[in-house]
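Visitor: Please pick one loop and take a close look at it with me. After that, I'd enjoy a walk through the parts of the model around it in the fold.

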Amino acid sequence: MAKKIVVIPGDGIGEEITNAAVLVLKKISDKFQLDLTFESHAAGGTAYDLYGTPLPEKTILAAKAADAVLFGAVGGAVWDNVDPALRPEKAILGLRKSLGLYANLRPIKVMDCLVEYSPLKKEIVSGIDIMIVRELIGGIYFGDKCESEMKDGFERAWDLENYSVPEVERIVKLAMETAQKRNNKVTSVDKANVLATSRLWRRTATKVAASYPDVKLQDMYVDNCAMQLAIHPTEFDVIVTGNLFGDILSDEAAVLGGSIGLMPSASIGECTSLYEPIHGSAPDIAGRGIANPIGTILSAAMLLRHSFAAEAAALAIEKAVEKALLDGYRTMDLYRDGFKKANTEEMTQAIFDRI
Ligand SMILES: NC(=O)c1ccc[n+]([C@@H]2O[C@H](COP(=O)([O-])OP(=O)(O)OC[C@H]3O[C@@H](n4cnc5c(N)ncnc54)[C@H](O)[C@@H]3O)[C@@H](O)[C@H]2O)c1
Ligand SMILES: CC(C)[C@H](C(=O)O)[C@@H](O)C(=O)O
Ligand SMILES: [Mg+2]
């Protein structure tokens, strides 16, 4: 039966990178007889310009009805001054919330052939294999907020962080189950020395972990975690954390592998899952055809694995990406003398040819 993938390119490099991933998925669909179909929908600043909203109802309905969603990126400085409720970023936040995507899985690996590209020494990053499990629809991102109010004669703004026990339980359970399929270690990251939400997080994580005696739970403060990622990154297996800490730590961890342009993610919940690279719309390079498409292409591999249980097809993409890199193809974020300089199209073609 045909499987429908809703593609939401968004803004900036979104179109360039989702086009690349769709090309690869079409080849995979033929090769593995997956009968994938694609339908494109608007979101982000481009949707705001066209329809006056960053997340048209039609896009939400299509995403809900799809078998999987492939998302590019949204945002850009041109929309910095629109009403905060209509910012492009509201598109991805709204989709995550509407689809109930409570968990964002961000795998961080360092490929052997790219170990020299890390900003850290080879002996520190060699062998990194981390899965960041980020809570995605709670915390300070979705708490009450005030854009501006007057108090004691001064303007101020505030954002409220809150987490409930069930919200923490479901994400920690998922982290535990993820660790059981990996190296049985979960690091739960919080700021329990200061924040009430983090103390509830830590208490809840400890209770959940009691049902998983085969998994070792370690608690870590977020500031220390930021440091440990730079000095002992290979010590981590699964990291589970809240929405804001997960956002920040995953960009830090992503760059250990050489470039944020390489890193994929899967956002999962109760129904349709969404797949997107962890980087943004990269307005500084948008429209020039030079973005690294690998993060989105590897997100497409995660889509095949998680949404369609198509393990062989997912592996075929991952192997083709590795082969293209081994054969010397490099987009500008990873380019060095002696390698084959590739724009988005050429890198995509190199991967396509190796499937
Ligand atoms: N999920 C999303 O849609 C998402 C994620 C992050 C940021 N954003 C938005 O994107 C916009 C830009 O944010 P930013 O500049 O802080 O982060 P960014 O991730 O877009 O870019 C950071 C840096 O990384 C580079 N980069 C990112 N992806 C790349 C790729 N595939 N290939 C080569 N280089 C790449 C960029 O050129 C830039 O120098 C903002 O509006 C932000 O809100 C969206
Ligand atoms: C664009 C923004 C809302 C988003 C986030 O903060 O979750 C992004 O940074 C990400 O990591 O997906
Ligand atoms: Mg981010």
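Guide: Let's start with Phe 142, which sits in the loop between β5 (129-135) and β6. Strands here are DSSP runs of E with at least two residues, helices are runs of H or I with at least four, and both are numbered from the N terminus. Please keep in mind that this is a predicted model, in which local features need pLDDT of at least 70 and side-chain atom pairs count only at pLDDT 80 or more, while totals for chains, interfaces and linings use all residues. Residues are numbered from 1 along each chain as its sequence is written, and chains are lettered from A and ligands numbered from 1 in the order in which they are written.

Phe 142 has 17 other C-beta atoms within 10 Å, so it counts as partly exposed. For this count, C-beta atoms are placed from the backbone; 20 or more others within 10 Å make a residue buried, 12 or fewer make it exposed, and values in between make it partly exposed. Leaving aside residues up to four places away in sequence, Phe 142 touches Lys 97 and Ile 137; such a contact requires the two C-beta atoms, placed from the backbone, to lie within 7 Å. Tyr 163 is 21 residues away along the chain, and its C-alpha atom is separated from that of Phe 142 by 10.0 Å.

Follow the chain out of this loop and you reach a hairpin. Strand β6 (residues 145-151) runs antiparallel to β7, joined to it by five bridges; two strands pair if DSSP finds at least two bridges between them. Lys 151 stands opposite Phe 154 of β7. Two residues lie between the strands of this hairpin, and Asp 152 takes a positive phi near 50°.

On the β2 side, five bridges join β2 to β1 in the parallel sense, and Lys 3 has Leu 36 in β2 as its bridge partner.

Strand β1 (residues 3-10) pairs with β3 in the parallel sense over five bridges, with Ile 5 opposite Ala 68. Strand β12 (residues 274-275) also pairs with β3 in the parallel sense, over two bridges, and here Leu 70 stands opposite Tyr 275.

Now to the ligands. Around ligand 2 are Gly 75, Glu 89, Ile 92, Leu 93, Asp 247, Ile 278 and Gly 280; a residue is near a molecule if its C-beta atom, placed from the backbone, lies within 6 Å of it. Helix α4 (residues 89-98) gives the most to this shell, three residues. Ligand 1 has 21 residues around it, of which Gly 75, Gly 261, His 279, Gly 280 and Asn 292 come nearest.

The UniProt record, an unreviewed entry, lists Asp 223, Asp 247 and Asp 251 as "binding site". These residues span 29 positions in sequence, yet no two of their C-alpha atoms are more than 14.5 Å apart, so they gather at one spot. UniProt positions follow the numbering used here, with feature names shortened, and annotations may be inferred rather than shown by experiment. Asp 223 belongs to helix α8 (residues 222-231) and, with 13 C-beta neighbours inside 10 Å, counts as partly exposed. Asp 251 lies in helix α9 (residues 243-254) and is partly exposed, with 15 other C-beta atoms within 10 Å.
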